[in-house]
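Welcome, and thanks for taking a look at this one with me. Here are a few notes to read alongside the model.

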Amino acid sequence: MRAIVVGAGIGGLCCALGLRRIGLEVIVYERAPELREVGTGIMLWANGMRALDALGVGDAIRNVTLPAVQVTLAARNGYREQMTAATDSLEKQLSYTPVVGFLHRAELVGTLAAHLPSAILRFGYECETVQLRGPRVAICFTNGHTDEADLLIGADGIRSAVRAALFGPSEPRYAGYTCWRGVCPRPASVGPGELHLWTGWGAQVGINPLTEDRVYWFATKNAPAGGRFADERAAVLDLFRDWASPLPELIVSTPANQVIRSDIVDRLPSRPWVKGRAVLVGDAAHPTTPNFGQGGGMAIEDAVVLARCLSTSDDPESALIAFEAERYPRTTAVTNEAWRFGQMLQWQGGLSVWFRDLLSGVLLRINGTNNLLKHARYNVGPLPTGLPTNSER
Ligand SMILES: Cc1cc2nc3c(=O)[nH]c(=O)nc-3n(C[C@H](O)[C@H](O)[C@H](O)COP(=O)(O)OP(=O)(O)OC[C@H]3O[C@@H](n4cnc5c(N)ncnc54)[C@H](O)[C@@H]3O)c2cc1C
């Protein structure tokens, strides 16, 4: 059986790894002219790491990941510490190391791609239309190329062309806040593996050390959709100038042209994700706001479940439906909770912020780090390897 994957992001590359592992022939079409990810960091929790293990690339990704050794939560623009926890106790609870780690996105997709034959990755192919033809799926690209296969995996992100072709166009939902991200040298004041998450009035900040003495930082702020500044670094510095050290220094030491701004969007969970022999995965199926740092982890889990469903069924269409049935409740919970959590983190009224900080302080004292681990506890399970079991292959 031959599968076409559209999109060489985290989800598409992991699907290619999973499908090849169960013996399928795979080709990946990516619209960008080369392997490309935004030049920032990403956090991967134990659930995503476990899924990478199932795909056979866990060790390779751990090599480029800096595990968090300590998590500090602080309110009032980073000035009022609410909790500091060493991650070794969390690791014991999860029986997994690391419980959470950070890596550069380019190193994540580069490592995933390095475990695939370069001949199956085609760059500069933007999917334009999809046609379902009985047991085959045909795809046309904007460069005039056409291809068809037994299976189509739409892994082309939140504004998925595959999604629009299968289910009609629809706009993502704006969460009401925008996010600036950057990578800069790690100052001495941030120890290796020391993760900081801060809240303020209508704003959040994350300071996340990476390997090679780098830091990935992000800062969010309530704002109308679509806004842009001529100099985003100057703008974010201005907005966060009075936040606790070292945030302003981190912003200043990030090259101005490498400060990335993204409006935060998701989609209200909805299905189907499957039509005939075509299926959506990752952000194409279930984009989430990044408040739990789980969007990438969900895409990796999808790849394991998709390959497992295909490896245990003789009927690809039933396998895709089984995939959707297994993944929908999990991803819906993450999307809905991340949305609600994000809305609360972005509260900006004086009274609501005071109430949130009081409540979170109490909850952290009662419940400790349990909430942090809620979605990281999930274990996607193994992926059978070896010869394909499907009679069609
Ligand atoms: C500010 C921010 C912070 C985040 N932080 C985290 C985090 O810490 N941890 C985490 O796990 N997740 C995080 N996420 C979410 C995470 O980035 C996504 O969930 C993840 O990238 C989804 O992967 P994907 O492969 O499904 O989609 P994408 O990463 O969007 O990849 C889609 C790929 O398809 C390609 N493509 C698009 N259209 C076409 C087309 N028509 N034809 C061919 N190719 C196409 C694109 O070029 C791209 O390469 C964050 C997101 C944001 C916005």
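How many bridges join β3 to strand β7, and which way do the two run? Point 2 has the answer, after a word on the model.

1. This is a predicted model, in which local features need pLDDT of at least 70, side-chain atom pairs count only at pLDDT 80 or more, and totals for chains, interfaces and linings use all residues. Residues are numbered from 1 along each chain as its sequence is written.

2. β3 and β7 (residues 100–104) are joined by 5 bridges and run antiparallel. Helices (H or I, at least four residues) and strands (E, at least two) are DSSP runs, numbered from the N terminus. Across this pairing, M43 stands opposite F102 in β7. Two strands pair if DSSP finds at least two bridges between them.

3. The open sheet here has 3 strands in the order β3-β7-β4, with antiparallel pairing. β3 and β4 (66–67) are the edge strands; each has a single partner, so one side of each has no neighbour in the sheet.

4. Now to the ligand: 33 residues surround it, and the closest are G7, G9, G157, G282 and G295. Near means a C-beta atom, placed from the backbone, within 6 Å of the molecule. Elements giving two or more residues to this shell include β3 (41–45), α1 (10–21) and β13 (173–185). α10 gives the most, with 4 residues. By type, the shell divides into 15 nonpolar, 12 polar and 6 charged residues. Here Ala, Val, Leu, Ile, Met, Phe, Trp, Tyr, Cys and Pro count as nonpolar, Asp, Glu, Lys and Arg as charged, and the others, Gly among them, as polar.

5. α11 bends by about 35 degrees at R327, and P329 follows within four residues. The bend is the angle between axes fitted to the seven residues ending there and the seven starting there.

6. R327 is also among the buried residues of α11, as are F323 and E324. Buried means 20 or more other C-beta atoms within 10 Å of a residue's own, exposed 12 or fewer, and partly exposed in between, with C-beta atoms placed from the backbone. The buried residues of α11 pack against several elements, including β17 and α10.

7. R261 lies in β17 (residues 260–266). R261 counts as partly exposed because it has 18 C-beta neighbours inside 10 Å. Leaving out residues up to four places away in sequence, R261 touches T178, W180 and E232; contact means C-beta atoms, placed from the backbone, within 7 Å.

Note on methods: Contact = placed C-beta atoms within 7 Å.
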